[in-house]
Structure formats: structure tokens, C-alpha cells
Amino acid sequence: ALFAVLSACSTAPSRAIGDPLPSWNSGAARSSVVDFIARVSEVGGPDFVAPAERVAVFDNDGTLIVEKPSVVQFEFLYDRIRAEASRHPGWADEEPFAAVLRDDRAALAAMSFAERGAIVTQGQANLYQDDFAVAARAFLDTARHPRFGVRYIELVYQPMLELIDFLKASGFSVYIVSGGGVEFIREFSEPVYRIARDHVIGSSMKTTLTDRDGRVAIWRKPGWHSLNVGPFKATNIQLHVGRRPIFAVGNSDGDLDIMRFNHDGSLPSLVMLLDHDDPDREFAYDDAPKAREVAGRNGWSLISMRTDFRAVFPASSR
């Protein structure tokens, strides 16, 4: 199984010799990373930051992993709806389930998050946490991307994996801060990103403690306990980390609050915005018009997938 292979890879040491960013082309984005890490790591230098304060945060969907035609977790939920459809014959005529069953991507894309709420509830509530984890791992280990034909977790961005390794080797604590479900991302954060489960901050469903065969277990209930979007991304960093990050990477206007939270601190900082401008190797789309405007005013670093990434995906996925 792929998870076994990835788990073995996750134990490999971070790159400590030679080029730490071999999948990055030379340019302003790469230089900004190398220069920033050197400055904050120079003991006695004017921009030195103690290791305890070196916190880096990454958005997940579209920043670390492909998010088109839809984010990976929604693909998992669509798969769950299709698997449950035989027990719910009325779904064939009931939205949003009907759109899933007829695979109407245009209709699903046009729906708001609230309009797709029933998919979220039916797909990942009213079951035990252990069973949810099993279902998530089964999906991640078998489901394939419709365009690239490989597993979704093979479509992570190789330059970002190298960046995570470089930051960790330079004394940074690295966190994922996502609007996606925290328990779903935790099922692949360690084997894929080499980021510990407890370093994932995301949205969470309501839960309760109950008995299952004489042992206590977590039951997932309908409804959100915490929806980690917009400004809540920043407040949840404060809640779960207790430190303002000094390095932040995102790809959309939904990441703007964590970028500003990073930028507006008192310590030296670097903010990076990934631009999806490579339709040949990935996709071309713009989810960050406001973030790009703010980036221009604040001097944030722009990453062009087309120009700055020598390779987009790991060699095993190509």
C-alpha cells in the first residue's frame, strides 16, 4: 500500500547536505526563502529569531496539494455519498446528493459551502472516529485523480515538501492551517508531508464520548465544533500554537488573514503567495485577487508555479 511506502519515506532525514531546494528554479522566490532562513538563523545577527519562535504555517489545499477539480476532502465525501446511495433512494432527486450521484461537477462547483453542507454531514458525521479514519485511509490509498490518474496524495507539490524539510532542518516548527477537516488531513500529514498530526489545525465536527463494545470511543456528530476559515485561521493559531508565525504560505484570499497575522508581528517575517499559473503541469486559476493586491503593497513574495517550480509533483507521480 502507498501509505506503507510513504511512511517509510517519512523517516528519512531532512536534506542537510547540498541544495535544500532542488525542485526550485533560481529566482526571487527561491532567494527570498534562502535569505530569510539564513537571516533568522544567524546567531548574533540583527534578524536572529530564537528557535522557539520560528513558527511556519502552510495552508493545505492548493498550497501543499492539488485542489482541482475540487479539494481532496470533498472528493472523499462524494465517494462516501455514492457508497451510501443504495440505502437512500430519495437522494437521486434531492440536492445536493443528486448532483453528486450524476457527477454534475458544474452544479457542485456553483453551490456554496452551506448548500453542500448536507454532503459534509452525511459523509463524515454519525459514525465513530475510528471508522472515519479507516474510511479516509482507504480512500487516500486507492482513489485516483481524474486528470493525472494517480493517487491524490501523490499530487503534493515537491517544492513545498522540500521547503518543509528545509524549514524543519533550520529549527522551525511547521504547522498546517487549513479550512479542511482536521481529522481527515491528519490521516496523511505524517506520511506525506512529514508534519506531525498534532501540528495540523483545521475545521472540526462536533463530537461526544460514548461507549462502544464496553470501551469509550469518539462519536462524530452533525454540525461544526470549529470552522477554521478566514480570521478563525489566525485565532486558532493563537489558540493551538500560542505564538505568532514568522513564515506563512498560502494560495488564496482565504489565507489572507494568516498572512497578515504573520506579517504584522514584531519579529522578522516572510509571507509567500503561490500563483497557480501552470495549466500544462497543474492548473491555471486565480483564487487570490485580494491577497495579490495586499502582497504588492506589503512586499510579500510571489511564487509562480510555472516559473519557480522546476518540478511540480514528486517523480513517482509523473
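Modeller: Helix 8 is mostly covered, with 10 of its 12 residues buried. This is a predicted model.

Biologist: Which residues of helix 8 are buried?

Modeller: The buried ones are Gln 158, Pro 159, Met 160, Leu 161, Glu 162, Leu 163, Ile 164, Asp 165, Phe 166 and Leu 167.

Biologist: How far apart are the end C-alpha atoms of helix 8?

Modeller: They are 17 Å apart.

Biologist: Now helix 7. Which of its residues are buried?

Modeller: In helix 7 the buried residues are Gln 129, Phe 132, Ala 133, Ala 135, Ala 136, Phe 139, Leu 140 and Asp 141.

Biologist: Why would residues three or four places apart point the same way?

Modeller: An α-helix has 3.6 residues a turn, so residues with that spacing point the same way.

Biologist: What span should helix 7 have?

Modeller: Its 14 residues, 129-142, should span 20 Å at 1.5 Å a residue. The end C-alpha atoms of helix 7 are 20 Å apart, which agrees.

Biologist: Stepping back, how many helices and strands does the protein chain have?

Modeller: There are 13 helices and eight strands. The radius of gyration is 20 Å, close to the 20 Å that the globule rule gives for 318 residues, so the chain is as compact as a globular protein of that length. Buried residues make up 51% of the 318 residues.

Biologist: What about charges: how many positive and negative side chains?

Modeller: The chain has 35 positive and 42 negative side chains, and the centres of the two sets lie 2 Å apart.

Biologist: Different topic. Ser 32: buried or exposed?

Modeller: Ser 32 is buried, because its relative accessible area is 19% and the cut-off for buried is under 20%. Ser 32 sits in helix 2, residues 28-41.

Biologist: What is Ser 32 in contact with, leaving aside neighbours within four places in sequence?

Modeller: Leu 270, Met 272 and Ser 301.

Biologist: And where is Ala 98?

Modeller: Ala 98 is in helix 4, residues 97-101. Ala 98 is buried, with a relative accessible area of 6%. Apart from neighbours within four places in sequence, Ala 98 is in contact with Trp 91, Ala 92 and Asp 93.

Biologist: What phi does Asp 103 have?

Modeller: Asp 103 has a positive phi of about 55 degrees, although it is not a glycine. Asp 103 lies in the loop between helix 4 and helix 5, and at 43% relative accessibility Asp 103 counts as partly exposed.

Biologist: And Asn 126?

Modeller: Asn 126 is not a glycine, yet has a positive phi of about 60 degrees. Asn 126 is in the loop between helix 6 and strand 2.

Terms used: Residues numbered from 1 in each chain as written. Predicted model: local features only at pLDDT ≥ 70, side-chain atom pairs only at ≥ 80, totals over all residues. Heavy atoms only, no water. Helix = DSSP H or I, 4+ residues; strand = E, 2+ residues; numbered from the N terminus. Rg over C-alpha atoms; globule rule 2.2 N^0.38 Å. Buried < 20%, exposed > 50% of the residue type's maximum accessible area, 1.4 Å probe, protein only. Lys, Arg positive; Asp, Glu negative; His and termini not counted. Charge placed at Lys NZ, Arg CZ, Asp CG, Glu CD. Expected span 1.5 Å × (residues − 1). Contact = heavy atoms within 4.5 Å.
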